[in-house]
Amino acid sequence: MISLAGAVVFILLAPVIGGLIAGIDRKITAHMQGRVGPSILQPFYDVGKLFEKEDAVVNETQRFYVLSYFIFAIFTGALFFAGGNLLLVIFALTLAEVFLVLGAYAANSPYSHIGAERELIQIMAYEPMFLLAAVGMYVVTKSFNVSDIAGFPGLIFILLPGVFLGFIYVLTIKLRKSPFDISTSHHAHQEIVKGVMTEFSGPALGFIEVTHWYEVVFLLGFVYLFFAASPVLGIIAIIIVYLLELAIDNTNARVKWQLAVKSSWVVAIILGALNIAALYFIGRV
Amino acid sequence: MQLLLFLILFPLITALFMLAVRRDTERNWIVKISALLIGAVTVLLLVTQFDKGTLYFGFDAEPVNLLMFVLEMGISLLILWFAVRYRNYLVIALTLVETALILWFEAAATPAVAVKSPLFIDQFSIIMALIVGIIGSLICVYSLGYMRHFYLNHTGIPDRTNTFFLIIFVFISAMFGLVFANSLIWVFFFWEVTTLCSFLLIGFTKTEEATKNAFTALWMNLLGGIAFAAAIVYLTYQPAGMLGLDQVLVSGKALILIPAALIGFAGLTKAAQMPFSSWLVGAMVAPTPVSALLHSSTMVKAGVYILVRFAPVFQGTIVGYTLAFVGAFTFLIASGIAISQTNAKRVLAYSTIANLGLVVACAGIGTAEAIWAAILLIIFHAISKSLMFLSVGTVEHRIKSREIEDMNGLIVRMPRIAAMMVIGIAGMFLAPFGMLISKWAAIQAFIDAPFGLVFVVILIFGSALTLFFWAKWMGKLLVITPDAENVEGLVDKNEWVALVSLAGLTAVTCFIFPLISAILIEPFLLSNYGTMAMISQDNIIIMVMMLFLIVLLPLSILLPHRKHRALPPYMGGVPATPDMHFQNALGARTEMKLANYYISPWFGEVRLARAGVCLCSVFIVIMFAAALVGGGIL
């Protein structure tokens, strides 16, 4: 069943939580690198500043793509926290991403073009594992609805450890962390400048930042789902997973996209599909 | 009954008229009126028959059977004549084998041959008739404009527009016959007519390449025809009435599995599954409306139609699972090959092969949920794919190229056609449009079926590949190139009518698919399986919300906003002109060019196709082996 309250809470609170996570992220990253780092509230100041900047665009259609990306990313998270169908949630996420990619294509710029191609490659890399995670949860709980999965009495993680690890692996791609920050990264000094986001500036870039906060909260919600039976464990899992992603981010260099795709697919098959197959096998015996 | 006969016979009458007309205006009017009538009658059929369930029409079919036999011999002779003329010994041999089989079952004259009611209609027939009637008619109307352009561009060859429409209308007639026939002998007759028509249409331009590809299509489909004829021969020696679809499907699996495997094989050839996919790719040499017709509403749909009809037999058997594997691997491999293709029509061809593979996989698994997904796939694919083909045809006449790279910035150069293409592509892979709904349904169906996980995994990876090649094409179309001119000009009115109707259908079917499901697909499943399948109400509401959002978002351009400043794209600090020329390191003026990724080392056609052919051939061998050893019922 769909609960509107969950959706509303997500829409209102996610940017606050997402922004705080981004602030904490930067603080911890700074400490890992032996710096002091900015205030935890720095991401809010940054985005606020972006919205005050001049509205400079390459062409007018970009506004439409950014807005569509923003709305469908929110839609994705809202549907998730409302307890909707997990497959539909993933499809909506893809739709949102495709809008971002189209915006990058539309700019007719070399850097954003390469970014767009790589972003598509990234989607191709992570989507199978995401869908397998949904399938795994269905096999355990007999439902695709997030509300039913969250209400499942047992700890899903126990039955789906492989799927969980696989999910964490591709989560690095979605969080835009090294070694998989291939299409764009948090720092605009890589070989393709800022990749898919190169041609977005000012308020448009502000919207993209906020969208990313929404996405992060949704993704961590997905992590929580593996431990939904025990909320305390769920929160701890989220914290550990995020710290792990930070550690990976700070200790790994960017890899080529070929390796990102191949390894994601191998992980999806070995950790994801085999884990689910084992469940089938145990279920049958 | 009258409506059925009208739909089968009326296109034939139009075809006869095509022999007589001389002037363009006459032909235009006849084709338009016929197309309108055929479309209208299929809708009438829907309105009057949808709540009637399955109806059988019995009459004395002996004279018709005789006529069909004579015509079948005529077809064989015609094909033999072509084969001898072009010295194609393989086709000669296959035709002779097939003719021998036909003579065998015609001469056998056992009680099984007497099918009480040769024609029938049920909800699935209605759906197929709507696809053939509406989409087929729209393609006819489009062809009026296309063929005029075609002969303007190809002045060297004699104008055979009349022959073209003649074959198309015979084709449409045969498709109606195929979906309404209950007697397998009748199905087989119409099956052979479609084979002949597609052969003639693929070879229509009579170039060397066209002739070669037409013969490839012919021998592959003849192979299927032989399997079909063999299935009929087998059934001839079974109890009375066994040659009716109604009897076949209730007769118990053990008895029917061998002919079902044979007909499954025939379906694979016609639906261009690996290892027989090359004929459909080769068929791209034909004029574009032919490709649209073959890919969306006729030919290949005949293949999956018969597979879906036999799905209850396949369900839970090794034959069914091997069939499903052929389909699933075809889906995966063809989707991969599509990534490496630069030619728009070839991308469309491989995407057709892939989507049909998915339908075949659903039919092979054969549960109610899988068939629900299969029928939705057939509907949505027919609409989006015909829209895509017809748009590419129009674009090709304007920019003289089928290469995707040449479609860079089409939204500026040909805004309306590009918009049609974007709708078509969105229909093929994005939520909440048709094909994605069907894929979702397929995941749901596979996961609930025994051993379904394997198919789920194949489907998941296949659709990730699908996303890549569609999205990069869509991106190419939507590039805003500042210096480009609008070259759209006046698109032919007939072409425009067809394109807008199909784009409208793509969107409308997404809104009304719950209705289609409720009044047609679910009753069909209920009468064939005793159970139903559908997506829950909640999810439908959510998808309708998404659809509304997508429709409304483009209006955001109209919202008031701050004044903005237009800047040129970032070029790494190099000075560039507005039309994206820059000075390179040697001081020469260079144009900035962007091209998509095609990743041919991974997804190269030769390598993947070879793997697919080997893999799928092995599964086909296993399928026949399983059918022979005691049926292989799980």
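Residues are numbered from 1 along each chain as its sequence is written, and chains are lettered from A, with ligands numbered from 1, in the order in which they are written. The model is predicted, so local features need pLDDT of at least 70 and side-chain atom pairs count only at pLDDT 80 or more, while totals for chains, interfaces and linings use all residues.

**Chains**

Helices (H or I, at least four residues) and strands (E, at least two) are DSSP runs, numbered from the N terminus.

| Chain | Helices and strands | C-alpha extent along principal axes |
|---|---|---|
| A | eleven helices, one strand | about 65 × 40 × 40 Å |

From the N terminus, chain A runs α-α-β-α-α-α-α-α-α-α-α-α.

**Interface**

Contact here means that the C-beta atoms of two residues, placed from the backbone, lie within 7 Å. By this criterion, 50 residues of chain A touch 44 residues of chain B. On the chain A side, two or more residues each come from β1 (55–57), α3 (61–81), α4 (86–106), α5 (110–141) and α11 (257–284). The largest share, 14 residues, belongs to α5(A). This side divides into 35 nonpolar, ten polar and five charged residues; Ala, Val, Leu, Ile, Met, Phe, Trp, Tyr, Cys and Pro count as nonpolar, Asp, Glu, Lys and Arg as charged, and the others, Gly among them, as polar.

Strands pair if DSSP finds at least two bridges between them. β1(A) pairs with β3 (residues 564–566) of chain B in the parallel sense over three bridges, and A:D55 has B:H564 as its bridge partner in β3(B).

**A helix pair in chain B**

Helix α3 (residues 62–85) and helix α7 (residues 184–202) of chain B pack at about 30°, with axes 10 Å apart. Axes are lines fitted to C-alpha atoms, for helices over the stretch in contact, and angles run from 0 to 180 degrees between N-to-C directions. The contact is made by B:N65, B:M68, B:E72, B:I75, B:L78 and B:I79 of α3(B) with B:I185, B:F189, B:E192 and B:L196 of α7(B). By class, these are seven nonpolar, one polar and two charged residues.
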